[in-house]
Structure formats: structure tokens, C-alpha cells
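Please read each point with the structure in view.

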Amino acid sequence: MYLNPETSNSVKILVVGHFGVGKTTLINSISEIEPLQTEEEITEASEGFDDLSGTPNKTTTTVAMDFGRLTLSDTLVLYLFGTPGQERFKEMWEALSRGALGALVLVDPTRLHDSFPILDLVERFGLTYTIGVNHFEGTTEYPLDEVREALNLAEDTPIVHCDVRDRTSSAQSLITLVQHLMSILG
């Protein structure tokens, strides 16, 4: 798709969430370009730092960021920056949040307690956000109102189910964020 630089808008969006929630997978499923990834093998150095109990089969982790691009229309392109999910990489957040218009916060409903530090960072950096409740294969799909209550979200914070492996579902999560941003920015 051709974007006219005089009439197009590019928007920086963060894809955030706790360790192993599916940020890299979402960017891989949706990006129209070959995503830039900084995935590294999980080593013994992460012992005592990274809780693998919720993701026992995870063998790699993002150590800097993921990057992808999604063109939504002939006038709007999203530049997607996936943040590392571990507390020890939160310094990357400050740099990545500069210039970002909003964030898609991915959560795993079976590990909601891991989402609170992420929500704190998103709010600390003043980012408008929506919640994408990632549905993992073989898990219960919890009602969104229960997830909203458990996360103590404001009623006007959009929350949607998503499957980060599915391009359409990932796109809908990002469209929900863009619509929310447009309603706020006018």
C-alpha cells in the first residue's frame, strides 16, 4: 500500500505485557514487514530473575525490543515496539515510550498478578492503553468483566479478548487501541 507522506500519519505504539504473555508472537503475526527481534536463548543467568513457572516451554526471551509495522489505511501506519517483559529490562521502557501515542497491554488471565507492575509502568509514562486478554490454547476464556474487575481497570479502559497467534485477532486488538486513542484525541 502506498502512503502519501503529505497526508499520512505514522503512530508509535508499544506492545507491552509481562514475561511470556505473547508480545513477540503478536508482532510476528501482524507485521507486514519482517519483524526485528532481539530474542536470545534463556540461560542460567536468568535463574532467580525470570519466573518460568507460567511458561515452562519458553526457551527464548526479548532482551531489547521487537519491531514491526502495520498499515491500517492509506493514511495511517502503526510502528509497533514490543518491550521486554522482565523487571530487569524496564530501563528499555523509558527509551521506548518516548514518542509513543499508546500501548496495547497484553495480559494472561492465569497470571494477572504479573500484570500490575506493567500497568504501573504504562501509567507512569502517561500512555493511553487498552487491554488485550491473550487466550492461550487449552485455557479458560474468562469473561472480560471479571478480568476488568481483577485488574481494577476504569470502566472506560477498552478490554478485548485476543489470540496473538491469529493475525485478525491481533489486528482487532490494535484497532481497538487506535479507536480509543482517536476518541480521546478527537
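1. A residue counts as exposed when its relative accessible area is over 50%, as buried when that area is under 20%, and as partly exposed in between. The model discussed here is predicted. R98 has 55% relative accessibility and therefore counts as exposed. R98 forms a salt bridge with E94, with 3.9 Å between the closest N and O atoms; E94, at 41%, is partly exposed.

2. The count of salt bridges comes to five. One of them joins the side chains of E32 and R69, at 2.7 Å from N to O. This pair links distant parts of the chain, since E32 lies in the loop between α1 and β2 and R69 in strand β3, 37 residues apart. E32 is partly exposed at 34%, and R69 is partly exposed at 27%.

3. Is R111 buried or exposed? Its relative accessibility is 7%, so R111 counts as buried. R111 forms a salt bridge with D114, which is partly exposed at 24%. D108, R111 and D114 are linked in a salt-bridge network.

4. The axes of helices α1 and α5 come within 9 Å and cross at roughly 105 degrees; the two helices are therefore roughly perpendicular to each other. The contact is made by L26, S29 and I30 of α1 together with R167, S170, A171 and L174 of α5. These residues divide into four nonpolar, two polar and one charged.

5. The largest nonpolar core has 24 residues, and Y129 is among the members that touch the most others. Strand β1 and helix α4 are among the elements that give two or more residues to this core. A second, separate core of 20 residues includes L26 and L174.

Definitions and conventions:
Residues numbered from 1 in each chain as written. Predicted model: local features only at pLDDT ≥ 70, side-chain atom pairs only at ≥ 80, totals over all residues. Heavy atoms only, no water. Axes fitted to C-alpha atoms, helices over the stretch in contact; angles between N-to-C directions. Helix = DSSP H or I, 4+ residues; strand = E, 2+ residues; numbered from the N terminus. Parallel < 35°, antiparallel > 145°, perpendicular 65-115°, else oblique. Contact = heavy atoms within 4.5 Å. Nonpolar A, V, L, I, M, F, W, Y, C, P; charged D, E, K, R; others polar. Core = buried A, V, L, I, M, F, W, Y, C linked by side-chain atoms within 4.5 Å. Buried < 20%, exposed > 50% of the residue type's maximum accessible area, 1.4 Å probe, protein only. Salt bridge = Lys/Arg side-chain N within 4 Å of Asp/Glu carboxyl O.
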